[in-house]
Amino acid sequence: MLSPAMIARGVLGSSLVLVGGFVVSTIPRSAPVMELQLLADARATTVGRMAGLALVMLGLGLLGAAWLSLCRAVARDGTDPHDAVDRVRYCTLLWCAPLLLAPPLFSRDGWSYAAQGTMTNVDASPYLYGPNVLGGPVVEAVDPRWMGTVTPYGPLPLAIGDLAATVTGNPWVLVVIHRLAALAGLALLAWAVPRMAGWAGVNPALATAIVCASPLMLANGAGGLHNDLTMVGLMAAALVVAAERSWVLGAVLGGLAAAVKAPGGLVCIAVALVGLPLAATLVQRLRRLAAVATISVACLVALGLAWGVGLGWIEALTVPGTVNTPLSLPTVVGGALDDVATLTGLGTPPATFLEITRLVGNVAAIAFAGWVALRWPTGRRERAVAAVAAVMGVMVLLSPVVHLWYFLWVVPFLAPLRLHRLGALGVLFVSVVAGVVAPLDSSLHGAYLAIVMGSMIATGTAALLFATHRSRARVERIVAPPSWLAAPARPPASRPSG
């Protein structure tokens, strides 16, 4: 049984994130909530903004503590696994509920989604123009950095935004609709993750808790409402459907994942592998890869043409790379090499090594994906999950731009696997820290006092959750066998090639 106090702690945590989020988040000037005098006063002063940030950080800390308690409870739960999974889903629903009506948290991307959907609705293609072609409340909260840029997203988010814009022009309602689309991705994960865990003999309730109820998910997925959550939900569904029903349907879902963001299409590698017989020949492998690619690309192209936006997003794929993020390994390495070149008087043009390391990173990531496609074991469901985790992990590691929500690409495919103790600890650590430090991403750009304060609070929170003797003992009860594993692994499952 799950403790009511634990559930209440998580609800309180997400409620504090909601309240503090109204203070620290960007909100359109014309929004009715801005007429509340108490909120206006809090947003207008440094003390008020710091209090709002403190509420957000406290809420995320409470969510982290409640989540670790949930993981510990289901890790040792001896009841029926299906009941345990249902209880995890119930917790996730309760903890997400307060965030449903929140403004986009820790990022302005949600406001961009609202503007891009409105542009699609008025036949101003977001693949040709930036949101600055619009006026009024719908663009008041869009990040100025992206006002004049085209969108790198696929046609599916634009279709969702277009349909939403036919109902309302209120940017807040549009944001809520986009959040519901993100939560649809979370629902797909809640359905798919227990199945993937079952393939590897892993505790399905624990895997579901790690993926669906973590601070990483609640802060960056539900709160941030990023398209990445919709994408990864479709990816997980594509793999499960390919393994348990039809690789053709899996390829269609893989195409829809790519129609959200291009990296989502990489799941099609695993869709092809899982539907092949064990030890498939190279010819069988190439034929299936070609068939899956054809179906998924056809789905992607058809959606863009049907909605009248075409394939313009392909030319915009470099837009995210116009910013430098400290989580990107190629960006950090390339920037450091450029600094060394400047100090030593090498005379190279600015950003020379940055461009080189980013190019090398992209080529290496693509090469690794190709190696997985051609060499990874076929016909084994748990190995197909590992293939997605490996490809997406390398993609994030070598990407020219990485935000905290990019970890959503990887964790849903790591949690259902049998991991070494250190690997399990790493998943838990990332799932907590990437959630707790979410306010330190782009939402606090330039607010140095807030960044310093937030960093101090995040460091103290992480220390309380992981560094004390008592916390380490609690985490150990989650990752130590047999808590991580539900039962000995079953023989690998395979499907006929049809």
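How many cavities of 30 Å³ or more does the count come to? The count comes to three. Before we look inside, please keep in mind that this is a predicted model.

**Confidence**

Averaged over the chain, the pLDDT is 88, and 90% of the residues reach 70 or more. One stretch to read with care is 487-498, where the pLDDT is below 50. Beyond near neighbours in sequence, residues 487-498 have 29 contacts in the model.

**The largest cavity**

The largest cavity holds about 50 Å³ of space. Which residues line the largest cavity? They are Pro157, Ile160, His178, Ala181, Asn227, Thr230 and Val260. Sorted by class, this lining has four nonpolar residues, three polar ones and no charged ones. Three helices supply at least two lining residues each: H6 (155-167), H7 (171-199) and H10 (227-244).

**Cysteines without a partner**

If you are wondering about disulfides, the structure holds zero of them. Cys96, for instance, is in no disulfide, and the nearest cysteine sulfur, that of Cys212, is 8.7 Å away. For Cys299, the closest cysteine sulfur belongs to Cys268 and lies at 9.3 Å, too far for a bond. A disulfide needs the two sulfur atoms within 2.5 Å, so a separation of 9.3 Å rules out a bond between Cys299 and Cys268.

Are Cys96 and Cys299 buried or exposed? Cys96 is buried, with a relative accessible area of 7%. Cys299 is buried as well, at 17%. Both residues count as buried because the cut-off is a relative accessible area under 20%.

**Leu218 and its surroundings**

Cys96 turns up again among the contacts of Leu218. Leu218 sits in helix H9, which covers residues 215-223. At 2% relative accessibility, Leu218 is buried. Leaving aside residues up to four places away in sequence, Leu218 touches Leu63, Trp95, Cys96, Leu99, Ala213 and Gly223. Leu60 is 158 residues from Leu218 along the chain, yet their C-alpha atoms are separated by 8.9 Å.

| Residue | Relative accessible area |
|---|---|
| Cys96 | 7% |
| Cys299 | 17% |
| Leu218 | 2% |

**Putting it together**

As you turn the model on screen, one place to start is the largest cavity, with helices H6, H7 and H10 each giving at least two residues to its lining.

Terms used. Residues numbered from 1 in each chain as written. Predicted model: local features only at pLDDT ≥ 70, side-chain atom pairs only at ≥ 80, totals over all residues. Heavy atoms only, no water. Buried < 20%, exposed > 50% of the residue type's maximum accessible area, 1.4 Å probe, protein only. 1 Å grid on protein atoms, 1.4 Å probe; cavity = no way out; pocket = protein on both sides within 12 Å on 5 of 7 lines; lining within 4 Å. Points joined across faces, edges and corners; volume = space filled by probe spheres on them. Helix = DSSP H or I, 4+ residues; strand = E, 2+ residues; numbered from the N terminus. Nonpolar A, V, L, I, M, F, W, Y, C, P; charged D, E, K, R; others polar. Contact = heavy atoms within 4.5 Å. pLDDT = per-residue confidence, 0-100.
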